[in-house]
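Student: I have a model open and would like to learn how to read it. Can we go through it step by step?

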Amino acid sequence: MKHIVKLLILLVAVSAFWIGLLETVVPRSYAWLLPVYFIVSLGCYGLLMVGVGLMHFPTCPQEAVLLQKDIAEAKEFLKQRGVDVDCD
């Protein structure tokens, strides 16, 4: 829910900025580029948030233990089927 609110606030702020630029600074011939810049900026913001999320990805020791158990079970299952899974 927090992300939706942040995106809506960002959308309102950018829209207000865009309308302000259209009325004062930007010539009408360049006004059609502003939505393109907005979409590119939103994409960059999304990539930045994914990168930050990956950098701060929390470690889950319980999940790591469960994953190791699943790997051991899969190796045992494959050994029973005659597949060599040793990496040594």
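Tutor: Start with charge: Lys and Arg count as positive, Asp and Glu as negative, while His and the chain ends are not counted. Each charge is placed at NZ of Lys, CZ of Arg, CG of Asp or CD of Glu. Here the chain has 7 positive and 8 negative charges, and their mean positions are 11 Å apart.

Student: What kind of model is this?

Tutor: A predicted one: local features need pLDDT of at least 70, side-chain atom pairs count only at pLDDT 80 or more, and totals for chains, interfaces and linings use all residues. Residues are numbered from 1 along each chain as its sequence is written, and side-chain values use heavy atoms, without hydrogens and water.

Student: How many helices and strands does the chain have?

Tutor: Helices (H or I, at least four residues) and strands (E, at least two) are DSSP runs, numbered from the N terminus. This chain has 3 helices and 0 strands.

Student: What span should helix α3 have?

Tutor: The expected span is 1.5 Å times one less than the number of residues. Helix α3 (residues 61–80) has 20 residues, so it should span 28 Å; its end C-alpha atoms are 29 Å apart, which agrees. Glycine 82 follows α3, with a positive phi near 90°.

Student: Which residues does the "transmembrane region" annotation cover?

Tutor: UniProt positions use the numbering used here, feature names are shortened, and annotations may be inferred rather than shown by experiment. The unreviewed UniProt entry gives residues 32–54. That stretch is 91% helix and 0% strand in the model. Its end C-alpha atoms are 35 Å apart.
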